[in-house]
Amino acid sequence: QKLDPDNLEIIFDLGLIQNKLNKFKEAEKNFFKALKFDLKNPRIYFNLALSQQNQKNFINSEKNYLKAVELKSDYFLAYYNLAIVQIKLNKLDQAIIHNENVLKINPTYKPANHNLKFAKRLKNLLDTIKDNNYFNSPVLDTDLLITKRITYKKEIEFLSNLVIPTISETL
């Protein structure tokens with residue numbers, strides 16, 4: 001039996017499978033295709049953003065997570081992943097707000113609490129560095145901070161060893 005290439009469920013499920021198989025570019029194409037059928041589905045935007053995030057396309061990923069939470073205001077996984085992307089983009093104030101949103105929706109979600117503490121600590125560190133003119137650059141890059149090993153050795157070690165997991169949906 002031949003599958004209908006214009007069936008939204010098939011296109012969406014194929015994108016989910018491709019994401020699971022780390023075929024993020026192919027998944028992204030299928031989620032864009034799925035949006036042609038349904039522009040109001042927050043799960044499509046979430047999974048599109050996830051595939052973009054895994055390709056390190058953080059700007060577009062952020063836009064699509066924002067669209068997912070616009071369509072479904074209690075979508076705590078979208079808020080969680082949005083906060084991770086915003087940390088990567090050095091949008092720490094927004095990352096803090098979105099982690100707080102996760103905890104308002106799901107107070108027991110420990111990864112968001114961990115992520116919130118990390119974002120606050122990183123913001124504090126970057127503000128301290130900026131306030132003391134450790135770098136002349138207007139944009140502070142966390143990779144640069146880690147390689148320079150400035151006077152905040154304990155904080156930099158903390159940041160170097162921290163891994164924030166991205167959460168994906170299951171089939």
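Colleague: Is the crossing of α1 and α3 left-handed or right-handed?
Modeller: This is a predicted model. Helix α1 covers residues 8-20 and helix α3 covers residues 42-54. Where α1 and α3 cross, the hand is left-handed.

Colleague: Are α1 and α3 roughly parallel or roughly antiparallel?
Modeller: Two packed helices are described by the angle between their axes and the distance between the axes. The axes of α1 and α3 come within 10 Å of each other and cross at roughly 30°. Angles under 35 degrees count as roughly parallel. The pair is therefore described as roughly parallel.

Colleague: Into which classes do the residues of the contact of α1 with α3 divide?
Modeller: From α1 come L8, F12, L16 and N19, and they meet R43, I44, N47, L50 and S51 of α3. By class, the residues in this contact are five nonpolar, three polar and one charged.

Colleague: What is the C-alpha to C-alpha distance between D13 and N30?
Modeller: D13 has its place in helix α1 and is partly exposed, with a relative accessible area of 35%. D13 and N30 are 17 residues apart in sequence. In space, their C-alpha to C-alpha distance is 9.0 Å.

Colleague: How far apart are the C-alpha atoms of Y65 and Q53?
Modeller: Y65 is found in helix α4 and is buried, with a relative accessible area of 0%. Leaving aside neighbours within four places in sequence, Y65 is in contact with F46, A49, L50, Q53, A78, N81, L82 and V85. Q53 is twelve residues from Y65 along the chain, and the separation of their C-alpha atoms is 9.9 Å.

Colleague: Is α6 roughly parallel or roughly antiparallel to α7?
Modeller: The axes of α6 and α7 are 9 Å apart, and the helices pack at an angle of about 160°. An angle over 145 degrees counts as roughly antiparallel. That makes the relation of α6 to α7 roughly antiparallel.

Colleague: How many charged residues does the contact of α6 with α7 have?
Modeller: On the α6 side, the contact includes D93 and E100, and on the α7 side it includes K120 and K123. The class counts give ten nonpolar residues and three polar ones. The count of charged residues is four.

Colleague: What percentage of the residues in the protein chain is buried?
Modeller: The chain comes to nine helices and zero strands. Among contacts between residues at least 6 apart in sequence, 52% join residues at least 24 apart. Of the 171 residues in the chain, the buried share is 42%.

How values were computed: Residues are numbered from 1 along each chain as its sequence is written. This is a predicted model: local features need pLDDT of at least 70, side-chain atom pairs count only at pLDDT 80 or more; totals for chains, interfaces and linings use all residues. Side-chain values use heavy atoms; hydrogens and water are left out. Axes are lines fitted to C-alpha atoms, for helices over the stretch in contact, and angles run from 0 to 180 degrees between N-to-C directions. Helices (H or I, at least four residues) and strands (E, at least two) are DSSP runs, numbered from the N terminus. Angles under 35 degrees count as roughly parallel, over 145 as roughly antiparallel, 65 to 115 as roughly perpendicular and the rest as oblique. A crossing is left-handed if the near helix is turned anticlockwise from the far one by less than a right angle, and right-handed if clockwise. Contact means heavy atoms within 4.5 Å. Ala, Val, Leu, Ile, Met, Phe, Trp, Tyr, Cys and Pro count as nonpolar, Asp, Glu, Lys and Arg as charged, and the others, Gly among them, as polar. Buried means under 20% relative accessible area, exposed over 50%, partly exposed in between (1.4 Å probe, protein chains only).
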